[in-house]
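Reader: Please take a close look at one part of this model, the charged side-chain pairs.

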Amino acid sequence: MSDARIEWRGDLFAADLAAARTGLARFPLIARPFRHTMTAFLHPAGEEEIDLGAIIRLRAYGDLATVSAGAIAVLLQGGLHGKLQRKAQSGAMRSLGSAMLRWPDGELLVAGTRYRPLSVRVSERLHHSLADAASSGPEAEARRVTVDLDRHLFRLAADGEVRLLGQLGPRIEFKGPTQAWVDDVRIAVDADHLVRRRPNRALELLFQDMLRDKLVSAPGGFPEAELKFDLQGGIDDTVIDAVVLALGDVRPLLPPPHRIERVRRYHLCRDRLSSDACTVVETPSGRLSEKRKRNSRALGGVLLRDTIASRTTDRDGVAVPIADFLADRGWTCLAMFEKTQTKLPFALPGGRAYLISVDQCFAPDGRTLDQIELEFIGSVDGALVDPANVVAELQELGRRLQRSALGRRLTPSTLTKHGFFSAAATLVA
């Protein structure tokens, strides 16, 4: 059975949620008996690769006193009963019946295939009906806007642990009978274009956690090492494909689609007490962390810096207003930009691990900067880490990019994003 509907869904920053919801204030809420929507994502058991087309989900509802790893573990141990569904990217839904899922020892047999749960998402949702005022029931549901106030993601690890991966932030979904209706409602509700489609967004936190499990970080005191290129001509899927082709003989460290798609806001700051390049990193969920970079130097085109930064802002960042975060540190904000980023982590045959990032950056004043960066991120397989080897391998990877079909659009650069976007800012004493 398939429920026909047109659906468009996009993500936004928590800081923008109130503004984005202004256009919904006049539309009535659809009453729901439960506060939380819980979605378990299931994959064919025994398959190492994650096939996005093969995923099914179990959708359940309830009220959680707290949204935590412990609460989810207790819930799954007792059994989570819900609707099994296969959902296409278009929003088309196919019902697969209902089932009871238990963890850590539970799998589900569906149409001859055994599935195992890999993650659980918990959303706090509100639903606005945009149907005629007199409509109710199915008619009210058929034309609606769903607001996820926030979404927590948990990983169900192979050892039975339920691990909080962090928060995905808010989302707004527009659902209606035709594409024209959905497009019109999006324009009316989100006139400021705060809601944007983010590809593979649900995989971001899961893949980041998988990557941490595979990597041995660089030894203490090892500098951040990266090679930068300014990119001309814009960024689209062909750029990502060209980058993958240019890398050549490398081993992806993530299952298909081998990449992390994410977006961040960066608040570029000045610290009155130091010359560090200081930045506040903001996730879509509104969590903040600080980043400091100092002692910048170049070696054969490779930029080396001593960097202090959080690797788990999604999970451990603080949820406070940006003004309070700055005041606590005595920082002055110079500028802000938003970065949409595609990150492809890989290992070379020798076992050292690198990350290639395709970064599309833009500031509120209209300035943009597109860059491709190659960065050393650690090792796998017990590989030895030596600064000379890292620099040499980064240089070779850079040459591969320059020799590729993308090469004519690349310009080697040591321009930092902090330097570019804060250059025109007015310094406040």
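How many salt bridges does the structure hold?

Author: This is a predicted model, in which local features need pLDDT of at least 70 and side-chain atom pairs count only at pLDDT 80 or more, while totals for chains, interfaces and linings use all residues. Residues are numbered from 1 along each chain as its sequence is written, and side-chain values use heavy atoms, with hydrogens and water left out.

The structure holds 44 salt bridges, a salt bridge being a side-chain nitrogen of Lys or Arg within 4 Å of a carboxyl oxygen of Asp or Glu. One of them pairs Arg 9 with Glu 7, at 2.5 Å from N to O. Arg 9 is buried at 15% relative accessible area, and Glu 7 is buried at 6% (buried is under 20% relative accessible area, exposed over 50%, partly exposed in between, with a 1.4 Å probe and protein chains only).

Another salt bridge joins Glu 124 and Arg 35, with the closest N and O atoms 3.1 Å apart. Glu 124 is in strand E8 (residues 113–129) and Arg 35 in the loop between helix H1 (17–21) and strand E3 (36–44), 89 residues apart; helices (H or I, at least four residues) and strands (E, at least two) are DSSP runs numbered from the N terminus. Glu 124 is partly exposed at 27%, as is Arg 35 at 46%.

Glu 290 and Arg 329 also form a salt bridge, at 2.6 Å from N to O. Glu 290 lies in strand E16 (residues 288–299) and Arg 329 in helix H8 (residues 322–329), so this pair ties together parts 39 residues apart in sequence. Salt bridges with shared partners also make one network, whose members include Arg 155, Glu 161, Arg 163 and Asp 209.
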